[in-house]
Amino acid sequence: MRRLLVKRWRSSVKNTRLFLCLVAFLSVTFAGNPADADELVHFESAPVKLSPFRISKAREQGEILSQPQGTPLLGYLSRPRGDGPFPAVVVLHGCEGMRLSVKDLWPKRLVSWGYVVLVVDSFTTRNIKDTCQSHLPDRVFDAYGALAFLSESSFVDIRRVALMGFSTGGTATLEGTKIEGNEQLMDHKFQAAVAYYPRCAATQGDATVPILILTGERDNWSPADRCRKRLANLSDDSPPIELNIYKGTYHDFDAPEFKVGRKVLGHIEKYNPDAAEKSIRSVYTFLRNYISN
């Protein structure tokens, strides 16, 4: 009987220890879970400011200029638990709109890393289905409107905000962080930028912030050679631009919803788990280096 009691006591202690370890593990694992995840928010794109020349000419001619207005937009806001202030990431979707990996997977991932995330919906309020065969030039102003919105949040450190875009959103990310671009007209500035498979342009010249570009070797929608040419034309004074090209990969290589792969307008979109994981690690390191500290 005594041996049986000792055995039961030891089993009880062992189970208690296992329970305490489990509690400790859960507290660490879920400490970064989002509060108010995917909260629908309303804001406006940054208004297109009038140039000093335009204002001067209007005064000369006695013309009364109306105050520029932004476009009403929707966004999805996610944040870590706590009061902050936290670093943040503004996310721009691609030409097909709010796909699952952009609206759900990436925000959850970024929040788990300690970032506030605002995914900008550029289509709904404009009654646009997609822009895969057209061009929407206002995306840069959407990004800066989101940044202005975050500047009013006490839980965001506006000095540590990055811009992140996918496909055409990645292209807008590069446009919004190029030297002599619209960025110089904005009250608040991004501190870093991440562009997944954007259409680079050699003429964009230097960047205003450090940039990470991630693209696929076989992506004929956003050719990597365009990005190589831009990097070749950077001056010695430009903030660094890191270009990661993943061999054997196509457009949307980070999106699990394209595991089977598909062809859109003659372009292949296909998930590549190995490239996706490598790119995620690169994004984690990049953001930690430039907006986490």
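**Cysteine pairing**

Modeller: Cys 200 and Cys 227 are both buried, where buried is under 20% relative accessible area, exposed over 50% and partly exposed in between, with a 1.4 Å probe and protein chains only. The model is a predicted one, in which local features need pLDDT of at least 70 and side-chain atom pairs count only at pLDDT 80 or more, while totals for chains, interfaces and linings use all residues. Residues are numbered from 1 along each chain as its sequence is written, and side-chain values rest on heavy atoms, with hydrogens and water left out.

Cys 200 and Cys 227 are joined by a disulfide, S to S 2.0 Å; a disulfide here is a pair of cysteine sulfur atoms within 2.5 Å. The link between Cys 200 and Cys 227 is right-handed, with 75° about the S-S bond. Cys 200 sits in the loop between β6 and β7 and Cys 227 in helix α6 (residues 224-232), so distant parts of the chain, 27 residues apart, are linked. Helices (H or I, at least four residues) and strands (E, at least two) are DSSP runs numbered from the N terminus.

The structure holds two disulfides. The other pairs Cys 95 with Cys 132, S to S 2.1 Å, and is right-handed, with 85° about the S-S bond. Because Cys 95 lies in the loop between β3 and α3 and Cys 132 in the loop between β4 and α4 (139-150), this pair ties together parts that are 37 residues apart in sequence. Cys 95 is buried, at 4% relative accessible area, whereas Cys 132 is partly exposed, at 21%. Counting bonded cysteines along the chain, the pattern is 1-2, 3-4.

As for the packing, the largest nonpolar core has 27 residues. Such a core is a set of buried Ala, Val, Leu, Ile, Met, Phe, Trp, Tyr and Cys residues joined through side-chain atoms within 4.5 Å. Val 91, Leu 110, Met 164, Val 194, Tyr 196, Val 283 and Leu 287 touch the most other members. Elements that each supply at least two residues include β3 (86-92), α3 (100-112), β4 (116-121), β6 (192-196) and β7 (211-216). The largest share, five residues, comes from α7.

Leaving aside residues up to four places away in sequence, Leu 110 touches Val 89, Val 91, Tyr 115, Val 117, Met 164 and Leu 287, contact meaning heavy atoms within 4.5 Å. A second, separate core of 26 residues has among its members Leu 77, Leu 92, Val 120 and Leu 147.
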